[in-house]
Amino acid sequence: MATFDPVASRVAFPELEQGILEFWREHRIFERSVEERPADKIFSFYEGPPTANGNPGIHHVLARAFKDVVPRYRTMRGYRVPRKGGWDTHGLPVELEVERELGLSSKREIEEYGVEAFNQKCRESVFRYVSDWERMTDRIGYWIDTDNAYVTYSSEYVETAWWIFKRFWDNDLMFRDFRVTPHCPRCDTSLSSHEIAQGYEENTPDPGVTLRFRLPSDAATRWPERTSLRLGDGVPTSMLAWTTTPWTLSGNTALAVLPSAEYALVEREQDGATERVVLASELVASVVEGDWTVLGTLPGTDLLGLEYLPLFPESVEWVESLAFVEGRTQRLKANEAPPVRRVIASAEVVTDEGTGILHVAPAFGEADYQMGRTEGLMFLQPVRSDGTVVGGPGDGVFAKEADKLISADLEERGLLDD
């Protein structure tokens, strides 16, 4: 008959945990999980070609990318897997903490304090919490070698990163390009996904405005086949688009429609004159005010390729004009005409809010940027890295504060649809 040791009704879990941790340390369980595996069955992201000064190569990058999953899996499969810890010392959280300690609140103040002195403070603060991290790592059984950890600010690590970059460059694997990232105007820097996960400021006001994007006066001559738009009647016609970010409008380089949706051509009297507007059929009643008549409907495909007048014709002069060429963002050559603003197709368009026509500014937002790449649009960035607007009615004003100035200007020029 089997016998069992009695189990106490009261268990001191903290003491039990400390006993297990002490057992691991005393018997070198982590070290043995590496050393006692076959030497000929090694699996490591820490092997790689040495740099000119003997430093390891691309393994650092791979290790950081896969260290949370692959090593544990390979260990369980019987491989010998060295697991090197590391400290990412190049991070905005470190800088923000030092800013608070020094009473600084902007990039300009950091520069006045002294970049070198500020960096030194950051270095000094990096390992402030190392013991806490190591203790937590042990307690959760996350076995890694912290005694020989890599440190991203060390000369060896930085030299390794540059060695990798040079290898890519020498093999013609590098090219200059752009991508959209969240940006902090106060810090004057891009933000990582970890920082964004901490949350944006809530309840930021986003004023919704509807705008007239006017078709050119010679539209009937340029597109005689677009009979559904009745351009030959000579009545001024605009496409209505809705946005909650007026500060991005001088960066507009396209309008997007849903090809499968139905759009309406609406005629109305506006300020004593007849005009026509185009918007999604199901949104006419909620958007168009006063007396109006639907002259007809048309599929979104009938709008594709139409060109329209920019809200701010001078915006190309305000900022450096770039363009998407063969999927990359490139500077325009001297005397090279920028791509025209036109109507494109996009699955991003919805017809249950707004107007069913999307304002596209490739400099703002991943979806717009991808549309720019796909469609070969012009790329305009009318906001400085400190968050102030370049050119136009909001020149020099912080973007969100410029909303009112920009909207007022558009209304004065008859481009804001009330």
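The side chains of glutamate 375 and arginine 342 meet in a salt bridge, with 3.4 Å from N to O; the term denotes a side-chain nitrogen of Lys or Arg within 4 Å of a carboxyl oxygen of Asp or Glu. Glutamate 375 belongs to helix α14 (residues 366-375) and arginine 342 to strand β13 (residues 342-345), so this pair ties together parts that are 33 residues apart in sequence. Helices (H or I, at least four residues) and strands (E, at least two) are DSSP runs, numbered from the N terminus. Glutamate 375 is partly exposed, at a relative accessible area of 28%, and arginine 342 is likewise partly exposed, at 21%. Here buried means under 20% relative accessible area, exposed means over 50%, and partly exposed lies in between (1.4 Å probe, protein chains only).

The structure is a predicted model, in which local features need pLDDT of at least 70 and side-chain atom pairs count only at pLDDT 80 or more, while totals for chains, interfaces and linings use all residues. Residues are numbered from 1 along each chain as its sequence is written, and side-chain values use heavy atoms, with hydrogens and water left out.

We turn now to the overall form. The protein contains 15 helices and 16 strands. Its radius of gyration is 30 Å, well over the 22 Å that the globule rule gives for 418 residues, so the protein is more spread out than a compact globule. This radius is taken over C-alpha atoms, and the rule is 2.2 Å times the number of residues to the power 0.38. The C-alpha trace spans about 95 × 65 × 45 Å along the principal axes of the protein. Of the 418 residues, 37% are buried. The accessible surface amounts to about 24,700 Å², and carbon and sulfur atoms account for 52% of that surface; such areas come from the Shrake-Rupley method with a 1.4 Å probe, and for residues, only the protein chains shown count as cover.

Contacts show how the chain folds back on itself in sequence terms. Among contacts between residues at least 6 apart in sequence, 73% join residues at least 24 apart, where a contact means heavy atoms within 4.5 Å. Tyrosine 142 is placed in the loop between α8 (130-139) and β2 (145-151), and it is partly exposed, with a relative accessible area of 21%.

The protein has 44 positive and 69 negative charges, and the mean positions of the two sets are 7 Å apart. In this count Lys and Arg are positive and Asp and Glu negative, whereas His and the chain ends are not counted; each charge is placed at NZ of Lys, CZ of Arg, CG of Asp or CD of Glu. A search of the whole structure finds 26 salt bridges.

Glutamate 22 and arginine 25 form one at 3.3 Å, N to O; both residues lie in helix α1 (residues 13-26), three residues apart, about one turn of the helix. Glutamate 22 is partly exposed at 40% relative accessibility, and arginine 25 is partly exposed at 48%. Aspartate 403 and lysine 400 form another, at 3.2 Å, N to O, and both are in helix α15 (residues 399-412), three residues apart. In this pair aspartate 403 is buried, at 4% relative accessibility, whereas lysine 400 is partly exposed, at 25%.

Salt bridges also link Arg212, Arg268, Glu275 and Asp417 in a network. Aspartate 417 is found in strand β16 (residues 416-417) and is buried, at 9% relative accessibility. Leaving aside residues up to four places away in sequence, aspartate 417 touches Thr210, Leu211, Arg212, Leu240, Arg268 and Glu275.

Finally, the backbone may be considered. Most residues other than glycine have a negative phi. Arginine 28, however, has a positive phi, near 50°. Arginine 28 is in the loop between α1 and α2 (29-35) and is partly exposed, at 37% relative accessibility. Glutamate 326 also has a positive phi, near 55°. Glutamate 326 occupies the loop between β11 (322-325) and β12 (328-331) and is exposed, with a relative accessible area of 80%.
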